[in-house]
Every structure is written in structure tokens, then in C-alpha cells.
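Student: I would like to learn how to read sheets, helices and cores from a model. Where do we start?

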Amino acid sequence: MSVVGLERVVYGVEDLVLARRFFAEWGLWPEGDLLRAGDGTGVELRAKDDPALPAAVEPGSTVREIVWGVENRAALDGLAARLEGKTTLRRGSGGGIAFTDPAGFGVALAETERRPLAAVEIAVNTPERRARLDRVGAFYRQAAPRRLGHVVLQVPDIAAVEGFYCDVLGFRVSDRYPGRGVFLRGRAEADHHQLFLLQSADGAAHFHHLAFEVHDVHEVFGGGLAFAKRGWETHIGPGRHVISSCYFWYFRSPCGGSVEYFADMDSLTDAWQPREMPQSPEWFAEWALADGIRQYGGVQQ
Ligand SMILES: [Fe+2]
């Protein structure tokens, strides 16, 4: 009876044409109102004033509903029972349930429709083992995000929101900046974080960023280079996080907040012991560039 991961994020935007172009050039596959990553997870784009959308936590283009996938109907019914009396339940799309979390974000639960991804070997030559013989390494001219990874929200009362996701929806704590932020995952065996809650500085809720997993570090660099070349603005990156170990590159989004390419995140099990660390630049990144990288020459294949 646990959350598998992000299924879909619904945005309400001021400029639908710009929003569609942004996520198509990001590397998602357009399908009606949806733009999908490799496993079928993705974003849904709606006009900001669409009356069917849940209320926004902030003005302008932003996230309006975060849809979490659960394994099956029994898991959905079990979580619905736990939510009774804690919040007001609405009928969600596709037979799911929808509600509002304590920070005011629209949230929904639905049976997951994500497709399994075919395993692809990453051949890396190390001093001890030459795994790639007579083949050149990977170069990417364009990212093709494989799946939605995590969402980051700034919330006014972090303890209340953490309590809701952990006590009611079964999320687990992976790591914590005491009093400042908490990294959560939907179940014991999952990415290091699927939901990261940050204490809001101004006492209001804000959407911070949405992250998409790509195949490897080369796709973070190659995909980010291609996206920057189309004129989209880097927020921060590329770089490498210390917490969760992944490579990242964040871009500012016309749909609100930022979007992130990431690769090689720590994957946890029940054996993981949550840590506590200060919120500091040293824990944010081993290294990071503030404003992207420039293409030097190009891919010649
Ligand atoms: Fe992230």
C-alpha cells in the first residue's frame, strides 16, 4: 500500500504554446495534453484559468496537481481509507482520488501506468576492466528523459507536511536538513528522494522544481548543452549533488519553477539509515557551475 513514484505533474500555464515547445524541446513526447518520458510518466499542460484545475498556491504559471502512482486498486483503496477524515477527497482523473495537501498543493493518487524500461548496459572502461572494446563512448545530441524522478516544494510548515506524507501516505525519510528540509521517498525501495520539502523563507508555499531522470552523466551534459543551445536559461548546473550523489543540470521553466535533468542517483532500501546534515553549499554540491557550459566543437559522429 505504498506510493510507487511520480506519475504525472499537471501545470496551469499562461502560454500553452510556449509551455508545449519547452517540454517538447526538453525531450518529452507530445500526446494530446500530455508530454511523456520513456516510461509514460510526464507532464500535463492546461491553461491557467481552466476551471477543472485545483487552486494554485501562487500566482502565474505553476504546478496545479501532483499525481502519485500506486501499485494497484487495492493500494489505492487502502490509501483512500487512510485519508478519510484527514482531508477532503475528490474524484481524480482515471478512477483515482484527489485532495489538497497541508501546504495547499493539489495532489492525486492513481493506479500507475508506467511502463518498465528496457535495461541498457552502460559500458565504462576502468583501469581494472575494459568493458567497451572497439566502440566509442556515448554522445547525446538531445536528451530523452526516461522518467519523472522527483518534485521539490517549498512549504510554510515543514513538520505538518512531512507528517501528512509520512504518517498518512506512507512516505519514508531518507535524509534531513534539521528544521530546513527533508528528503522523502514513497516506499522503502526507491530513489533517494521522490519528494523534497524545503522550509519556505516567506511563509508561503511555492513550487521549486521537477526532475527527470536521463540515462547517464553524458546525457546530462549532452542533453543540457542541446537544450541551452535552443536558448533556454540555466538555473544552475551542471554539477554533482553530495546528497543522493547524482549529476544535475537545472533550467528555468516558463511553466513555473525549474526543471532538472539528473543521472545516477542513490537508490535506497529498508537498510538505509537516514542522516542529518546542515543545509550548506558543501552538502548541496561537490561542484557546480553557475551558468551552464559552452559547446566546444561538436559531436562528429
Ligand atoms: Fe532535484
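Tutor: Start with pairing: two strands pair if DSSP finds at least two bridges between them. This is a predicted model. Take β15 and β20, which run antiparallel and are joined by 3 bridges. R240 has W287 in β20 as its bridge partner.

Student: Which sheet do β15 and β20 belong to, and what is its strand order?

Tutor: They sit in an open sheet of 10 strands. The order is β19-β10-β11-β13-β9-β14-β17-β16-β15-β20, and the pairing is mixed.

Student: In which sense does β1 pair with β4, and in which with β5?

Tutor: β1 and β4 are parallel, over 6 bridges. There, V13 stands opposite A47 in β4. β1 and strand β5 (residues 62–70) are antiparallel, over 8 bridges. L6 stands opposite W68 in β5.

Student: How do I read side-chain directions along a strand?

Tutor: In a regular strand the side chains alternate between the two faces of the sheet. Now look at what packs on this sheet.

Student: What happens in the hairpin of β3 and β4?

Tutor: The two strands run antiparallel and are joined by 3 bridges. L34 has E44 in β4 as its bridge partner. The hairpin has 5 residues between the strands, and G40 takes a positive phi near 95°.

Student: Next, helices. Which residues of a helix point the same way?

Tutor: An α-helix has 3.6 residues a turn, so residues three or four places apart point the same way. Helix α4 (residues 217–229) is the case here. Its 13 residues reach 18 Å from first C-alpha to last, close to the 18 Å expected at 1.5 Å a residue. Just after α4, G231 takes a positive phi of about 105°.

Student: Which residues of α4 are buried, and what covers them?

Tutor: The buried ones are E219, V220, F221, G222, G223, G224, L225 and F227. Their cover includes α1 (16–26), β15 (234–241), β16 (247–252) and β17 (258–263). α4 lies across β15, β16 and β17, running at about 150° to β17.

Student: Why does G224 count as buried?

Tutor: The cut-off is 20 or more other C-beta atoms within 10 Å. G224 is buried because it has 26. Beyond four places in sequence, G224 touches G237, P238, W249, Y261 and G292. G224 and F251 are 27 residues apart in sequence, yet 8.6 Å apart in space, C-alpha to C-alpha.

Student: Last, the core. Which members of the largest nonpolar core touch the most other members?

Tutor: V9, Y11, L153, L197 and V220 do, out of 70 residues. Strand β1 (residues 3–13) gives the largest share, 6 residues. Leaving aside neighbours within four places, the contacts of Y11 include A19, V43, L45, V63 and C255.

Technical notes:
Residues numbered from 1 in each chain as written. Predicted model: local features only at pLDDT ≥ 70, side-chain atom pairs only at ≥ 80, totals over all residues. Core = buried A, V, L, I, M, F, W, Y, C linked by C-beta atoms within 7 Å. Buried ≥ 20, exposed ≤ 12 C-beta atoms within 10 Å, placed from the backbone. Helix = DSSP H or I, 4+ residues; strand = E, 2+ residues; numbered from the N terminus. Contact = placed C-beta atoms within 7 Å. Expected span 1.5 Å × (residues − 1). Axes fitted to C-alpha atoms, helices over the stretch in contact; angles between N-to-C directions.
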